Amino acid sequence: MSVRQAVLGLVIERPGYGYELDARMTERIGSWRHSGTAVYPALLRLAQDGSLRERVERSAHDRVVWYEATEKGRTEFKAWLRRPPSLLPLRDDLHIKIALADSDDLAFLIEQTRAQEQLCLDRLGRLTDAGIEPEQLMDPNVQWRSIGHVWLKRTEVAHLTATIESLQEARMLMKAHLRRRAR
Amino acid sequence: MSAPLLAFDRVGRTHRRGFVEIAVLDDVTFEINEGEFAAIAGRQASGKTTLLRIAAGLDAPDRGTVRFRGRDLFPEGRPPRLGGIPRSIGWMQRSGPQISSMRMYDYVAVPLLEEVSYRAACHRAMKALEMFGADDLAEAVWDEMSDAQRTQVVLARATVREPALLLADDPTAGLNVHDREILLGLLRRAAETTGMATLIAVPEIADMLRSHKVMTLSDGELMGESRHKLGQVVDFRPGRRHGSA
C-alpha cells in the first residue's frame, strides 16, 4: 500500500495541512486506506526525505504546519505513476481460511461469509450515489481528477460486487458440502 | 416513524419436487417504509421472484408472517389470494396491451376505468406517464416502442392507481447501461416525490445502487440492513434446509 504516494499526490494537487489532508484522503480514496492514522507519519517521512516542504503558520492561539510539494516530490510522484504495475495480489484472510479449512470449521466460515457480505453491503449502501451521468464523462471541461474520483468509486463498487458474488458462491459450496456429509 | 409499510418476519417458502424439498426462501426478514426505494439483488433461482410474489399476495409463505400496513397478508389457514393483489400494491406487468393499436394513455388508464370516468382516468394516466418520463409516449403504440420506453410505460401503468407499494421484478431487464441508470433514477425519484415505497428485484448488484436500501438474496437467504447484526454468530444446523421429506 502506497500511503506515501497517495499523500504526495494529494499535496501536489494542492498544499495542505495534516488534518485537512487526512480529511481529503478519506473523501477521495477513503475505501482504500484502512489505518486511520497513516497520513501523519507519511507527511513526516516525506518532509524528512525532502519531497515535501513544511511551512509553519502561527496565529495567536494556533500553529499549523502546511505542506507543499518540492521538485523532488513531484519527480518522485511522476516516477511512481509511470512505473509499470505488477499483478494485484488476492490478499484476504477469509480466502485463505476457506481454502484451508476442515469440514468441522465450515459452519463458522459460513457465518463469516455472511458477516463479510454484510460489511460489503453496508459499504455499498454508503456508495449508492456513486453513479455518474454519462454526459458528464464526455464533458471536455470536467477535470480528469473528478472523472478519476468517480472511476475509483465505480471500481470499488465492482470490487464489492465481485466479493459478494464470490462469498455467496463459497457459502453455497460450503452449505452443500455440509448437507452431503449430514446424510 | 410509524410501523413499516411492508414487513417480512422470518418468512420461509419451500417447493416440493417429489421427495425433495427445496428451500426457496429461508428465514427472510426485512422491512420497507413509506417513500423507501429498496432493491434486492440475486442471481437466477435465488428466490427473488418468489419473494416479490409473496409480497404481492400471489404466493403464500410456509413459515413466518408478512404484514402490509400492519395487517397480516396471510392470516392462518387462508390460501393465497391468487390473482388478488391488494389494491394499494402496484405490480409491474410486462405484457403490453392485447390490442396492438391501443394508444399508451389508454393502456395506462385502463386499471382506473372501474373507479373513475374515462376523462379523469386519462388525466391521471398522463400524470403517471410524466412521473416516469414518458409523457411523450402518450400517443405511441406498443409495437413501435423500444424496450426502455415499454418499461417506462408499464411502470406508469403499475402506479396509475397511486399504490402505497410498487413491486417490480427485474425492471431493468433488456436495457442498456445508460437506460438502466435513467430508469433506476426515475424509480428513486418516484419514491421520493410521491411517498410510494418501491421494492425491486434485480439480477445485478450494480442495479441496486440507486436505491435507499440494498439487500442481496442468495440460495434463499437474504442479507442486508435489517438482517444479521454484525459479528453475531447465528446457529447453523447442517441439513436443516434441503432435508429430504
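Trainee: Which residues touch the most other members in the largest nonpolar core?

Mentor: Start with the idea: a nonpolar core is a set of buried Ala, Val, Leu, Ile, Met, Phe, Trp, Tyr and Cys residues joined through side-chain atoms within 4.5 Å. Buried means under 20% relative accessible area, exposed over 50%, and partly exposed in between, with a 1.4 Å probe and protein chains only. In this predicted model, the largest core has 52 residues, and those touching the most other members are A:Leu124, B:Val108, B:Val153, B:Leu155, B:Leu187, B:Ile200 and B:Met208. A second, separate core of 33 residues includes B:Val24, B:Ile40, B:Ala55 and B:Phe74.

Trainee: How should I read the numbering and the values?

Mentor: Residues are numbered from 1 along each chain as its sequence is written, while chains are lettered from A and ligands numbered from 1 in the order in which they are written. Since the model is predicted, local features need pLDDT of at least 70, side-chain atom pairs count only at pLDDT 80 or more, and totals for chains, interfaces and linings use all residues; side-chain values use heavy atoms, leaving out hydrogens and water.

Trainee: What is A:Leu124 in contact with, beyond its neighbours within four places in sequence?

Mentor: Contact means heavy atoms within 4.5 Å. By that rule, A:Leu124 meets A:Val157, A:Leu160 and A:Ile164, and also B:Ile205, B:Met208 and B:Leu209.

Trainee: How many helices and strands are there in chain A?

Mentor: Helices (H or I, at least four residues) and strands (E, at least two) are DSSP runs, numbered from the N terminus. Chain A has eight helices and three strands, in the pattern α-β-α-α-β-β-α-α-α-α-α along the sequence. Of its 183 residues, 38% count as buried.

Trainee: Why is helix α1 of chain A described as largely enclosed?

Mentor: Nine of the eleven residues in this helix (residues 3-13) are buried, so the rest of the structure largely encloses it. Among the buried ones are A:Val3, A:Leu8 and A:Ile12. Their cover includes α2 (18-29), α3 (39-48), β2 (52-59), β3 (62-69) and α4 (71-82) of chain A.

Trainee: In what order do the four strands of the open sheet in chain B stand?

Mentor: Two strands pair if DSSP finds at least two bridges between them. The order here is β2-β1-β4-β5, with antiparallel pairing. At the edges, β2 (20-32) and β5 (71-72) of chain B each have a single partner strand, so one side of each lacks a neighbour in the sheet. Five bridges join the antiparallel strands β1 (residues 6-17) and β4 (residues 63-68) of chain B, and B:Leu6 stands opposite B:Phe68 in β4(B).

Trainee: Is B:Val160 buried or exposed?

Mentor: B:Val160 counts as buried, at 2% relative accessibility. This residue sits in the loop between α4 (147-159) and β7 (165-169) of chain B. Not counting residues up to four places away in sequence, B:Val160 touches B:Val108, B:Pro111, B:Leu112, B:Arg124, B:Ala125 and B:Ala128.

Trainee: What can phi tell me about a loop residue?

Mentor: Most residues other than glycine have a negative phi. B:Arg69 has a positive phi of about 50° although it is not a glycine. B:Arg69 lies in the loop between β4 and β5 of chain B and is exposed, with a relative accessible area of 54%. Phi is also positive in B:Asp170, near 55°, and B:Asp170 is in the loop between β7 and α5 (177-194) of chain B.
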